[in-house]
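Here's a quick briefing to read with the model open beside you. Take a look at the structure first.

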Amino acid sequence: MLDKKDKHGLLLPDADRITSVGNIVRKTSIDELPQLINVLKGDMSLIGPRPLLVQYLSLYNDRQKRRHEVRPGITGWAQVNGRNTISWEQKFEYDVWYVDNLNLWLDIKIIWLTIIKVFKSESINQQGQSTVEYFKGNY
């Protein structure tokens, strides 16, 4: 991503700063491969709620905190049901639903759906963004 700034010195939106190589990396999900090291170390799982920024921890309500009852994953129920195109509220609902319904068959289904999503390059970007807007909490 480039460090392009506007006339006031503020960074332009991600969509205006991403390079063509960055677009390819995002569409093919190659940027997720280094996380396999975290899976091998036992810090992450293949399937589970995606880890979010540490800055968000103080913004979670009690229900949203439940996503931390399982190990974070490279892919999860929220990723196969909208990834970056769904709202934060829906993402948290999917994460908590996964925690409540965790089982082997669900994980197999998520792996299968993830493979399909990667090959179709679906739900990669939020409208007008190259990734997703920052979570600001539920006020």
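What follows covers a helix pair and some aromatic contacts.

This is a predicted model, where local features need pLDDT of at least 70, side-chain atom pairs count only at pLDDT 80 or more, and totals for chains, interfaces and linings use all residues. Residues are numbered from 1 along each chain as its sequence is written, and side-chain values use heavy atoms, leaving out hydrogens and water.

**Aromatic pairs**

- There are eight aromatic pairs, counting Phe, Tyr and Trp rings (six-membered ring for Trp) with centres within 6.5 Å; planes under 30 degrees apart are stacked, over 60 edge-to-face and the rest tilted.
- Tyrosine 56 and phenylalanine 135 have ring centres 5.6 Å apart and planes at 75 degrees, so they pair edge-to-face.
- That pair links distant parts of the chain, with its two residues 79 residues apart.
- Tyrosine 56 is buried at 6% relative accessible area and phenylalanine 135 is buried at 5% (buried means under 20%, with a 1.4 Å probe and protein chains only).
- Tyrosine 60 also pairs with phenylalanine 135, this time tilted, at 6.1 Å centre to centre and 35 degrees between the planes.
- Ring pairs join Tyr56, Tyr60, Trp88, Phe92 and Phe135 into a cluster.

**A charge over a ring**

- Lysine 91 puts its charged end over the ring of tryptophan 88, 4.6 Å from the centre (the rule wants NZ of Lys or CZ of Arg within 6 Å of the ring centre and within 35 degrees of the ring normal).

**Helix contact**

- Trp97, Tyr98 and Asn101 in α6 meet Leu106, Asp107 and Ile110 in α7 (contact means heavy atoms within 4.5 Å; helices are DSSP runs of H or I, at least four residues, numbered from the N terminus).

Technical notes: Buried < 20%, exposed > 50% of the residue type's maximum accessible area, 1.4 Å probe, protein only.
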